[in-house]
Amino acid sequence: MNSENRNQIGIFCAIGAYFMWGIFPLYWKPLNEVPAFEILAHRIFWAFIFMMVLLIWNKRFHDFMVNFKVLFKPMNFILVFLAAILISINWCVYIWAVNNGHVIETSLGYYINPLISILLAIIFLKEKLNLWQIVAIGFATVGVLILTIEYGQIPYVALTLALSFGFYGLVKKFIHFDSTIGLTYETLFVTPIAAGFLIFIQAKGTAAFGNISVLTTILLIGTGVATALPLLCFAEAAKRIPLSMLGFFQYIAPTMTLILGLTVFKESFSHVQLISFMFIWVALIVFSLSGTKFMTRLLPKGHSIRVK
């Protein structure tokens with residue numbers, strides 16, 4: 001496969017992944033009668049089932065079993081366990097937020113996420129920032145502070161989503177499993193808890209599964225595919241196109257979510273929120289352009305910062 005075809009497939013996968021993440025509220029909203037923890041349990045359980053079927057279909061189950069020895073090395077075990085907990089927190093908060101009228105705040109969280117990831121890279125990976133990137137983080141901080149003042153409290157939903165996914169990305173940097181096998185291990189760690197919870201509420205008679213409607217039951221089963229498919233597309237895109245290009249596409253999802261929040265779910269969007277989002281958007285534009293030749297020329301020579 002030549003590089004042009006490789007790039008085209010990568011771009012298609014990236015757009016597909018972020019498009020699916022962008023329309024996620026449309027999937028979770030019909031499940032608003034189901035408690036967030038129950039949806040999360042189904043999402044974990046069915047994602048694990050889907051990943052196992054995928055491994056068997058692709059004749060990679062042997063690889064999955066062989067890597068078990070590596071998985072149970074102490075450091076690998078801790079890292080995969082942390083990744084599983086972080087992504088579960090992210091999923092749960094997102095589901096709760098969508099079904100409780102906070103779709104716009106979820107979009108804010110994923111707009112902030114790239115900047116959180118950069119801060120984590122500086123602190124934990126000792127990566128450098130140039131002046132423009134510092135300015136971008138400053139703008140984003142002002143945007144969050146404006147929202148905090150308006151709400152009278154910290155925008156917990158947005159920051160929890162941004163921090164949990166940011167730390168998840170950081171932990172994944174140290175996990176060296178293949179993306180498909182890694183995701184299967186992550187869901188494996190929390191599947192026993194999810195399955196135990198589902199069995200408990202089913203026996204208690206409070207479960208939504210099979211008791212509300214056929215559509216609800218189908219959607220709950222489908223959470224596995226809905227969870228795994230964009231992650232797999234993302235993994236394929238990451239292998240085929242440059243990180244800078246992938247970073248550009250990541251703004252598709254929160255932009256679509258913001259539009260859905262305003263148009264479909266009719267959430268309020270005050271002038272203060274608009275100003276806050278404008279600071280975030282300026283931050284993202286500055287950050288996205290920070291590595292270009294034009295912006296680099298405007299910097300003093302050798303101007304960068306490293307946190308030790």
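1. Phe279 is partly exposed, with a relative accessible area of 26%, where partly exposed is the range between buried (under 20%) and exposed (over 50%), taken with a 1.4 Å probe on protein chains only.

2. The model is a predicted one, in which local features need pLDDT of at least 70 and side-chain atom pairs count only at pLDDT 80 or more, while totals for chains, interfaces and linings use all residues. Residues are numbered from 1 along each chain as its sequence is written, and side-chain values use heavy atoms, with hydrogens and water left out.

3. Across the whole structure a search finds 25 aromatic pairs, a pair being Phe, Tyr or Trp rings (for Trp, the six-membered one) with centres within 6.5 Å, called stacked under 30 degrees between planes, edge-to-face over 60 and tilted for the rest. The pair of Phe139 and Phe279 is tilted, with 5.9 Å centre to centre and 35° between the planes. This pair links distant parts of the chain, since Phe139 belongs to helix 8 (residues 131-151) and Phe279 to helix 14 (residues 271-289), 140 residues apart; helices are DSSP runs (H or I, at least four residues) numbered from the N terminus.

4. One aromatic cluster is formed by Phe61, Phe64, Phe68, Phe72, Phe77, Phe81, Phe177, Tyr185 and Phe189.

5. Thr217, placed in helix 11 (residues 214-240), is buried, with a relative accessible area of 14%. Leaving aside residues up to four places away in sequence, Thr217 touches Phe209 and Gly210, contact meaning heavy atoms within 4.5 Å.

Note on methods. Helices (H or I, at least four residues) and strands (E, at least two) are DSSP runs, numbered from the N terminus.
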